[in-house]
Amino acid sequence: MSTASDPTEHRAIAIDGPAASGKSSVARRVAERLGFVFVNSGAMYRIFTWWVLENGIDCSDREAVLRLLAKAQFECGEVDGVATVAVDGREPGEGLSREDVNANVSVIAAYPEVRERLVAAQRAHRQTADVVMEGRDIGTVVFADSPYKFYIDASEEVRQQRRRAEGIEDSISERDRKDSSRVASPLAVADNAFVIDSSELTLDEVVEKVLAKLRQDGLS
Ligand code: CDP
Ligand code: CDP
């Protein structure tokens, strides 16, 4: 997969980390503060997983998953500074955090063909706007050329507590294990990423650390 940079593109802030480390809450706030577009790349893996399930396909049936991928149309947009995604005209909303989506998304995200298609859609956002994008491979693959990379972590116990507090059934340790051990673009700390352990920090404190580092790097 190409990681070539285009100097005419807009700026990209990459935020990676394991499940429930606070990536999306932090990325959304940083994007608001800077006037960048917030892109939750996990939502793209989730929507395709949801679509596979809606079509009654077994996520481990590679042939069937790739057949659906070949005909699926992803429509990516932006509303009020937040990226949106639909598949074949459908937007599941809350369905993205359904229990069966949580349980299967790491299986779907491990198919290199799925990643290739969605990474292209992710990179396209940067052609029209400055972006803050969060996920698992943003600093290592999607925007490997960006100088602005963060890795937000938290202890497994804290992350599990955070998900429970949201009332969501999600076996995050199993998902992290699959995401970190897969062959295609595994979750990893990018070279030169600024690592923040958010276990004992509030969201505002994490946001301030990110903004301070960006100021230090001359961005804001
Ligand atoms: O919000 P949470 O951290 O629970 O997950 P998410 O960001 O919505 O991502 C859901 C799943 O999509 C992850 O567990 C990964 O399997 C996959 N994903 C990925 O492989 N690469 C990304 N850049 C983003 C998400
Ligand atoms: O995107 P990711 O799965 O990494 O995490 P999130 O959905 O942004 O955050 C998970 C939950 O932890 C949310 O309810 C946050 O409000 C909460 N939280 C946090 O993310 N960071 C803190 N420092 C404190 C709480």
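Leaving aside neighbours within four places in sequence, which residues is Phe-48 in contact with? The answer is Val-65, Leu-68, Leu-69, Ala-72, Phe-74, Ile-108 and Val-114, where contact means heavy atoms within 4.5 Å. This is a predicted model, so local features need pLDDT of at least 70 and side-chain atom pairs count only at pLDDT 80 or more, while totals for chains, interfaces and linings use all residues. Residues are numbered from 1 along each chain as its sequence is written, chains are lettered from A and ligands numbered from 1 in the order in which they are written, and side-chain values use heavy atoms, with hydrogens and water left out.

**Nonpolar cores**

- Phe-48 turns up again in the largest nonpolar core, which has 38 residues; Phe-48, Val-52, Phe-74, Ile-108 and Val-114 touch the most other members.
- A core here is a set of buried Ala, Val, Leu, Ile, Met, Phe, Trp, Tyr and Cys residues joined through side-chain atoms within 4.5 Å; buried means under 20% relative accessible area, exposed over 50%, and partly exposed in between (1.4 Å probe, protein chains only).
- Helix H2 hands this core its largest share, eight residues.
- There's also a second, separate core of 19 residues, with Ile-15, Phe-36, Ile-152 and Val-207 among them.

**Around ligand 1**

- Ligand 1 has 19 residues around it, and Arg-46, Arg-115, Asp-137, Arg-175 and Asp-179 come nearest; to be near, a residue needs a heavy atom within 4 Å.
- On the nitrogen side, a ligand 1 atom sits 2.8 Å from an N or O atom in the side chain of Asp-137.
- The protein covers 96% of the 530 Å² of accessible area that ligand 1 has on its own (Shrake-Rupley method, 1.4 Å probe).
- Helices H2 (41-54), H4 (99-108) and H8 (172-181) are the elements that give two or more residues to this shell; helices are DSSP runs of H or I with at least four residues, strands are E runs of at least two, and both are numbered from the N terminus.
- The largest share, four residues, comes from H2.
- By type, the shell splits into six nonpolar, four polar and nine charged residues. Ala, Val, Leu, Ile, Met, Phe, Trp, Tyr, Cys and Pro count as nonpolar, Asp, Glu, Lys and Arg as charged, and the others, Gly among them, as polar.

**Asp-179 up close**

- Asp-179 belongs to helix H8 and counts as buried because its relative accessibility is 4%.
- Setting aside neighbours within four places in sequence, Asp-179 is in contact with Ser-106, Arg-136, Pro-186 and Leu-187.

**Around ligand 2**

- Of the 14 residues around ligand 2, Ala-20, Lys-23, Ser-24, Ser-25 and Leu-201 come nearest.
- Serines supply polar contacts to ligand 2 oxygen atoms: a side-chain N or O atom of Ser-25 at 2.5 Å, one of Ser-24 at 2.9 Å, and a polar backbone atom of Ser-21 at 3.1 Å.
- Protein covers 79% of the 530 Å² of accessible area that ligand 2 has on its own.
- This shell divides into four nonpolar, six polar and four charged residues, and H1 gives the largest share, three residues.

**Positive phi**

- Asp-88, in the loop between strand S4 (82-87) and H4, has a phi near 45 degrees.
- Asn-192 has a phi near 65 degrees and is exposed, with a relative accessible area of 77%.

Technical notes: A polar contact is a pair of N or O atoms within 3.5 Å; within protein, one must be able to donate a hydrogen and the other to accept it, and residues adjacent in sequence count only if both atoms are side-chain atoms.
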